[in-house]
Amino acid sequence: MYEVYIQALISGLLIGGVYALVAVGLTLIFGVMDIINFAHGEFLMFGMYSAFFASALLAIDPYFIIPIALPVFFAVGWLVHGTLIRPVVGKSHAIQILLTLGLSLFMQALAQFLFSADFQSLQLDYGSSTFELFGTRVSYTKLAAFVISVGMCGALWAFLQGTDTGKALRACAEEHEGAQAVGIDLNRMYKVAFGLGIACVAIAGIAMRPFFYVAPLVGPKFTLVAFVIVVLGGLAKFRGLLPAPLSWVS
């Protein structure tokens, strides 16, 4: 009987690690920019599609495109901020919500136009492979997604703690006017924060792709999960996000 609980605990831990990466991107954007991004899950959806087509059309393992996808989605976030998000920074949350909801609907419609509304699944040679741990079976793909997600969270934490840009982002999150007073370029930091947030959620989508279906309407599910985790962990508090997904999935 205890094997069932161990199985649930291990599965929750592995999926929780991926959810943490999804939520880290959201809290970074909110913490630095005070922007509520309701299109967050749609960027995850496009990350999943990039992994799907890399495997289905180019015969590239989904995990191998992460080094390419990371700068690409960072650039996408940078451009989206410069063209759409920047005008609503500092505006009321109602305006931000309307804009990001509109962006979410546009991205869903674009995905349906480009990829159709069908559910797509990815068949990999090792997709159903498992190994035994404490009398239960653990999926290699879920373990890989967990390792990638925790590694990304750790790399982001090191970046925020150990680099000048990371410290500038933290300063912006603490006090915008104070950061600007000491010479920090707020607009540049906002672009970096949004780019990093989008890159994080897209990489989470790629990591999940081998064991999760993708469809144009899959994004809102993960947006909702991310908001719940961010609230549980504390708005704009990076450290609180690590245990929060475990309480969500358990």
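Because the model is predicted, local features are taken at pLDDT of at least 70 and side-chain atom pairs at pLDDT 80 or more, while totals for chains, interfaces and linings use all residues. Residues are numbered from 1 along each chain as its sequence is written, and side-chain values use heavy atoms, with hydrogens and water left out.

Let's start with the overall fold. The protein has 10 helices and 2 strands; helices here are DSSP runs of H or I with at least four residues, strands are runs of E with at least two, and both are numbered from the N terminus. Reading from that end, the order is α-α-α-α-β-β-α-α-α-α-α-α. Of the 250 residues, 48% are buried (buried is under 20% relative accessible area, exposed is over 50%, and partly exposed is in between, with a 1.4 Å probe and protein chains only). Among contacts (heavy atoms within 4.5 Å) between residues at least 6 apart in sequence, 77% link residues at least 24 apart.

The UniProt record, an unreviewed entry, puts "transmembrane region" at several stretches, including 43-60 and 66-85; its positions follow the numbering used here, feature names are shortened, and annotations may be inferred rather than shown by experiment. Residues 66-85 are 100% helix, with end C-alpha atoms 25 Å apart. For residues 43-60, the helix content is 78% and the end C-alpha atoms lie 21 Å apart.

What about the inside? The largest nonpolar core holds 67 residues, and Val-32, Met-33, Phe-43 and Leu-169 touch the most other members. Such a core is a set of buried Ala, Val, Leu, Ile, Met, Phe, Trp, Tyr and Cys residues joined through side-chain atoms within 4.5 Å. Helix α8 gives the largest share, 16 residues. Met-33, leaving out residues up to four places away in sequence, touches His-81, Ile-85, Val-89, His-176, Tyr-190, Ala-193 and Phe-194.

Aromatic rings pair up too, 11 times in this structure. Rings of Phe, Tyr and Trp (its six-membered ring) count as a pair if their centres lie within 6.5 Å; planes under 30 degrees apart are stacked, over 60 edge-to-face, and the rest tilted. Phe-53 and Phe-115 make a tilted pair because their planes meet at 35 degrees, with ring centres 5.2 Å apart. Phe-53 sits in α2 (40-56) and Phe-115 in α4 (93-115), so this pair ties together parts 62 residues apart in sequence. Phe-53 is partly exposed at 28%, whereas Phe-115 is buried at 18%. Elsewhere, Tyr-19, Phe-119, Phe-212, Tyr-213 and Phe-222 form one aromatic cluster.

Helix α2 also carries Ser-50, which is partly exposed at 24%. Beyond its neighbours within four places in sequence, Ser-50 is in contact with Ile-65, Phe-73 and Ile-206.

Finally, two loop residues have a positive phi without being glycine. Asp-34 has phi near 60 degrees and lies in the loop between α1 and α2. Ser-116 has phi of about 75 degrees, and its loop runs between α4 and β1 (130-133).
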